[in-house]
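Below is a walk through one protein chain, from the overall fold down to a single residue. Keep the sequence and the structure in view while reading.

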Amino acid sequence: MLRRVFGRKGATPTPAAAPEPTPASALDPSDDRPYWNRFLDSLGTQVNRPINSVVWHADSPVKRAVASLSLSDRSALLCSLEPLLGPREDISIRDRIEMKELFDCLTYSDDPPVTHGTVDFLTRALVAPDVDWIHETFTLERVHRFLKTAKDQGHPFNSDERERIASYARRLEGKQFDAYSKGQQDRSASLVKLFYALADISSDDREINAARIDQWCDHQPSPLRFRPLPYHARFWSDFLALVSDKAEALKSEIAKKPVWLKDEAAFNDRFRSVGGVPLDFGFWTRDALKDWRGDGRNFKAMKKPEEDNPRERLLAHLPHDELVAERTRLATLADLEWHRAYIPGADILLGKRSEAEEDLFLMLVESKAQPKAPAKWRKDALKLIHQIGRPKMMDRFERWLALFARPALDETSIGQLHDCHQRALHIALFDRLFPDWKALPDEDLDALADWVALTSIGNHSDGPCSIYGFLNSYNRLVPDPARIEIIQQGATYPKTDAERYDIGNRYRRPFAFPSTPTENALRAVTWLLAEDAANVPLLEDVAIAATALKNSDRLRSKMVANAAIASLGTIGTPEALQALGRLRRTIANKAIGNAVQKAMDKLAAKHGVQPDDIAEQSLPDYGFD
C-alpha cells in the first residue's frame, strides 16, 4: 500500500517545478512594493516565507527561479535590494533576512547579472557607512568574483566606481588584522590585493603605498599602558607592601591555629581598631562564609595560587622603589599591543621616510612566509640598506627587535605587569578613600596593616585573595554609598570605546601575538640580522621571546623563532653554536627544538665538533673555571 502511494521503495521524489516567476517588465505597475518582494510572492507556495536558509544552493526553488529570469530582470532584482545599503533600523528583521538571502543568491552565480546598474550598486555597497554584512569574508569573495567577472567581460569601471573599490581596499587593509585567527588574517590579506587589482592599482604606486604605510604607523595608545602614579604614591606603596608582609606573617600564624581564631578576648588583644576602622571578630563564621569554621584551613593566603593565573597572585610585595623600577623595566610590554593593525615602533624602521626607507619597509612587511630569506629578496633588501646607510639601518633593526624581545613576554612578566597595574589601582583607590591615614603614626599604621592583611586573606567566599577583601568588610560594617561608588569606579581604568581594559579580566593573551604584517616584518628583520655576527645575543633573545608564551597550542610566533634559528645558523660562529645549544635546553616546543637541533648538527659538522660537546660548552659556569 505504501509503495502505491509513495512509489518504488528508496526512490527519491522529484521536486515540484517552481512556477515561472513574473518578469519585472510584466509586473503590475500599480503594485508599489519592491521588485524583490513581488518576485518572492510570484513563487507562491514553493518557498516558505521568510526565506532564512541558504537559498543559493543548487536545489533551491529560489535559485532555479532566479536562473530562469532574463539578465535585465536579474539586474533589476539585485538593484531592488537598495534598502540594504541604508540604516539597519529602516528595515524590518524579516525583510533584511530575505534581501540578504537574495543578494547571496544573485552574487553566488556562475552567470552573475553584470550591468552598469549592478556594478554601481555593489561598489556603493562596499563603502556604504551603515552596511556591516558585506564585510564578511565569504560575502566579500562573492562580491569580488562578481566585479572581476564584470571587468573580464569588458565592463569599464567609471572613476567613481574605481575610487570606491580602491577606498574599500585601503579600509580592508587597515581592518583585516582585527580578525581573530591567523587564517582569517591571511584570507583578508589576499582580498586586499584582489581589490587593489580590480581598481588597477599597482603595488608600485607611490601614493597608494604611502597611504598604506600611514595606516601601519597609526599607533593607538594601548589600554594596557601604565598610568601616572598619584602624588602620594610612595606612602601608599610602602603601606601596601607592609600589608603584604603582614599577610605572609599571618599565613604562618594561622597555620598554628592561634587562640584568637575562636576566642574574642584573645582576638581583641591581637588586633586593635585604628583610624575609625571597626574590627569584626569571627567574620569568617558568617553565613556568607559558612565553610570557614574558625580553624584557619580555608584562609585564601594558605592556598597555593594557580601559576598560570596572575589574578591568583597573593598581595605582591612592591615597595615604592621596586614598583617604579618594575614599571620602568616593563614599560615596553605595557605600551605595545602586537596584534593590532598598526605595527608597533614602525617609526623606528621608517626614519625620515625617504623613498628607499619606504620601499624597504614595504619589503619587510610584505615578505613571504618561507623558512629562510629568498636570495633575490635578500639582495634587493641589502641594496636598499646600503642606499640608506648600513650602520644606520642595522641600528634601527636592533632597536626595533629589542621592543619584541627585551624583556621577553612570558607568564612571569605577565604576572608582573598585572601586579604593577593592580598596585597602581590600589594606590589611587586608598588615596581617595582614606586620606587621613597619611597623618597616622607608624604604630597605628602597623596595626591597620595587620587588620587590612587579615581581611584581605580571609574575607572571601570565593575568588582570589586581594585588598578588596578588606574593602568589602569595611563596607559591610560601615555602609556608605559614596564609598562603594568610588570603589566600583576605582577597580578598573576608565573605560571608553577605544579602551576596554579590566584588571579583573587579567592580561588578554591576543595582545602579545603579532598580526600578519608585524610578524612578516619581525621575520624579515631577523633574517637581515644574520649580516652581523655581533647580533648573536639579540637573535637568541628573539627566539626565546617568540616561544616563551603560547595561547592554547599556538606559540607567540613560530615563524620568527625559526627565522632566528636560521640566522644563527647563517652566522655560524662558535658563539652562534653555543647560543643554539642554550636554546635547545630552553625551548620546550618539540618542533622548534628539532629545528634548533638540526641547525646545531649542521654547524657542529662544519666546526668539526660533536653536538653533545656544544651542549656541554653552552652550560653556564657560574663563575667556576
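The model is predicted. Its secondary structure consists of 27 helices and two strands. Of the 625 residues in the chain, 48% are buried. Counting contacts between residues at least 6 apart in sequence, 75% join residues at least 24 apart. The chain exposes about 30,600 Å², and 51% of that area comes from carbon and sulfur atoms.

Two packed helices are described by the angle between their axes and the distance between the axes. Helix H22 spans residues 516–528 and helix H24 spans residues 558–571; their axes come within 8 Å and cross at roughly 5°. Angles under 35 degrees count as roughly parallel, so H22 is roughly parallel to H24. On the H22 side, the contact is made by Glu519, Asn520, Leu522, Arg523, Thr526 and Trp527. H24 contributes Lys558, Met559, Val560, Ala563, Ala564 and Ser567. By type, the residues of this contact divide into six nonpolar, three polar and three charged.

Asp410 sits in the loop between helix H17 (390–405) and helix H18 (411–433). Is this residue buried, exposed or in between? Asp410 is partly exposed, because its relative accessible area is 24%, and that class lies between the limits of 20% and 50%. The side chain of Asp410 reaches the backbone nitrogen of Thr412 at 3.2 Å. Leaving aside residues up to four places away in sequence, Asp410 touches Ala548 and Leu549. The C-alpha atom of Asp410 is separated by 9.4 Å from that of Ala512, a residue 102 residues apart from Asp410 along the chain.

Key:
Residues are numbered from 1 along each chain as its sequence is written. This is a predicted model: local features need pLDDT of at least 70, side-chain atom pairs count only at pLDDT 80 or more; totals for chains, interfaces and linings use all residues. Side-chain values use heavy atoms; hydrogens and water are left out. Axes are lines fitted to C-alpha atoms, for helices over the stretch in contact, and angles run from 0 to 180 degrees between N-to-C directions. Helices (H or I, at least four residues) and strands (E, at least two) are DSSP runs, numbered from the N terminus. Angles under 35 degrees count as roughly parallel, over 145 as roughly antiparallel, 65 to 115 as roughly perpendicular and the rest as oblique. Contact means heavy atoms within 4.5 Å. Ala, Val, Leu, Ile, Met, Phe, Trp, Tyr, Cys and Pro count as nonpolar, Asp, Glu, Lys and Arg as charged, and the others, Gly among them, as polar. Buried means under 20% relative accessible area, exposed over 50%, partly exposed in between (1.4 Å probe, protein chains only). Accessible areas come from the Shrake-Rupley method with a 1.4 Å probe; for residues, only the protein chains shown count as cover. A polar contact is a pair of N or O atoms within 3.5 Å; within protein, one must be able to donate a hydrogen and the other to accept it, and residues adjacent in sequence count only if both atoms are side-chain atoms.
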